[in-house]
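This report covers selected features of the structure shown below. It turns to domains, then to one residue, then to a sheet.

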Amino acid sequence: MSADDWHVADDDLRAYADGAARPPWLWSTEAHLGTCPRCRRRLAQHVDPAAVHAGWARLDAELDAPRPGPVEKLLVRLGVAAHTARLLACTPGLRRSWLAAVGFTLAVTTGAAHLARSMTVPIPLLAIAPLLPLIGVAISFGPRVDPSYELAVVAPLHTFRLLLLRCAAVLSVTTALTGVASIAVPAYGAVVLGWLAPSLALTLLSLALTPRFGPVAAPLAVGFGWLALLAATVQHPTGESVLFTAPGQAGLAAGAAAAAMALWKVRAAFDTTHHLGRVADPSTRRTI
Amino acid sequence: MTTVRAEGLSLRFGRATALEDVSFALHDGVTGLLGPNGAGKTTLLRILATAIPADAGQLRILGADPRGAAGRLAVRRRLGYLPQNPGFHQHFTAFEFVDYIAILKEIVVGRHDEVRRVLHAVGLDDQRGKKIKALSGGMRQRVGLAAALLDEPALVILDEPTVGLDPEQRMRFRELIAQIGEGRTVLLSTHQTEDVATVCQRVIVLNQGRIRFEGEPVALAGMARGRVWTSPARADGALAAWRTGSGDYHHIGDPPPDARLVDPSIEDGYLMVIDAASLAGRTA
């Protein structure tokens, strides 16, 4: 009897279909079915169509299942719900290129603080670090940076909630990176943490001003305002500034709280594209 | 059933008037929104999609007033929207992108099954796992349409979905739109009178921010009745004239010498309406 003449017995096919076949007979049957159309046709008579359909559905689900990237995996591991992690993973401010730029900037400012022995306050780090979350948040939401921005605005998920989620993600990451940079200059003491209050104040103020001035002008104005404030208060060559004293930090924290309240008041403006301002409305630039 | 009722909608961007005193109603089926560039079509669709509010006028969508937060949310839960330039996260697969929009639409139970259903509905079963950046323009439009169909919306707003598609893709897209329009309201903004002729039960013509015509496509064609001619030579003074494939000239306007009156098409009616509106604008 040649190999072509041999076929799986009906009882064995039935056992295979029921999942009752055991090795090594299972392996032998499987190998034969792979090369024998006749036995495959016979097998179909023993298989429950509903079970086959369910099997295909399971396979489809497995193949379609979104494959989370490293950021998303990390967020889920940290306890963030899978669907929230997916929303956060789309945050432009968490892109590798932006994070690399933040890391590089912090390395440079930390290095400058190390080299400047005449300073008692690491002013390059304290001046630049609050701008990083400000820029990070500015590039995380809006028509210029989020390709599906318009779909996000008209979706039932509250746009302000999406904005806050993304802000929280950007702030967390930049805070962690800046925290690491602060540890790298321990000689300056507790003053190296002076970036924290202005980071919050600048970011919240920028968001609160966005409905009035638009998503580009608001962070620009706030950023330059911060630099101007530093230019007016920093003493040469020590780098000391009233902003990094206890009263100055308390004032910045109060400013952050006031900006948070102002942002809460204007939150409804983020529910439509009104927070872009009339002039910046995409329909006026692209087409009416 | 009346899905949308707009009364006196107006909107200005700075000194520019985008919409002025726009009133209309939408019912189940496909309604075409025709108009030249800058007519105000996209602005009107964005108001209906709750992306921007109107400056003035009354608007009821699916029984809700979108000016308030609660009404806006009620509309958004039953709305499907395909913007003119739908942006895609290029690193996503088609499935992942639609799944992302499903999360934004707060679909919790059976989300992946729903994503699979809409991708099947637009004929993208075999393309689900492909990255968006690897898809053709027509396929991407289908992905956008699939996202718009999530959660069985009662109102679907499509902003020029057939732009940039080749003739076959355009035909397939029209077929899809016709299917979608069965049992729900679809508003289809387009430049193409063929889109209106093939799939729309009603048509609105918008020009310079005002509605110039609202009715059935046949009635739009009827706007040019008795004003469309063919003749062997071009005649000066026609509103529009062009040489056809047969060598004769197609005229819209007063009859040229040796002219033969022909039945008007939707395009003829549209040109008549737009031209009358432009004349009115110039003399106003």
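Which domains does the domain assignment of chain A give? In this predicted model, the assignment for chain A lists domain 1, covering residues 3-64, and domain 2, covering residues 70-285. Taken over C-alpha atoms, the centres of domain 1 and domain 2 of chain A are separated by 59 Å.

**A residue of chain A**

Helix α7 of chain A spans residues 96-115 and contains A:V108.

Chain B holds an open sheet of six strands with mixed pairing, in the order β5-β6-β7-β3-β8-β9. Its edges are formed by β5 and β9 of chain B; each has a single partner strand, so one side of each lacks a neighbour in the sheet. From one strand to the next, the twist averages 15°.

| Edge strand | Residues |
|---|---|
| β5 (chain B) | 79-82 |
| β9 (chain B) | 210-215 |

Strand β6 of chain B, residues 155-159, runs parallel to β5(B), and four bridges join the two. Within this pairing, B:G80 has B:V156 of β6(B) as its bridge partner. Helix α5 of chain B, residues 137-148, packs on the sheet and touches β5 and β6 of chain B. The direction of helix α5 makes about 165° with that of β5(B).

Technical notes
Residues are numbered from 1 along each chain as its sequence is written. Chains are lettered from A and ligands numbered from 1 in the order in which they are written. This is a predicted model: local features need pLDDT of at least 70, side-chain atom pairs count only at pLDDT 80 or more; totals for chains, interfaces and linings use all residues. Domain bounds come from an automatic or database domain assignment. Two strands pair if DSSP finds at least two bridges between them. Axes are lines fitted to C-alpha atoms, for helices over the stretch in contact, and angles run from 0 to 180 degrees between N-to-C directions. Two residues are in contact if their C-beta atoms, placed from the backbone, lie within 7 Å.
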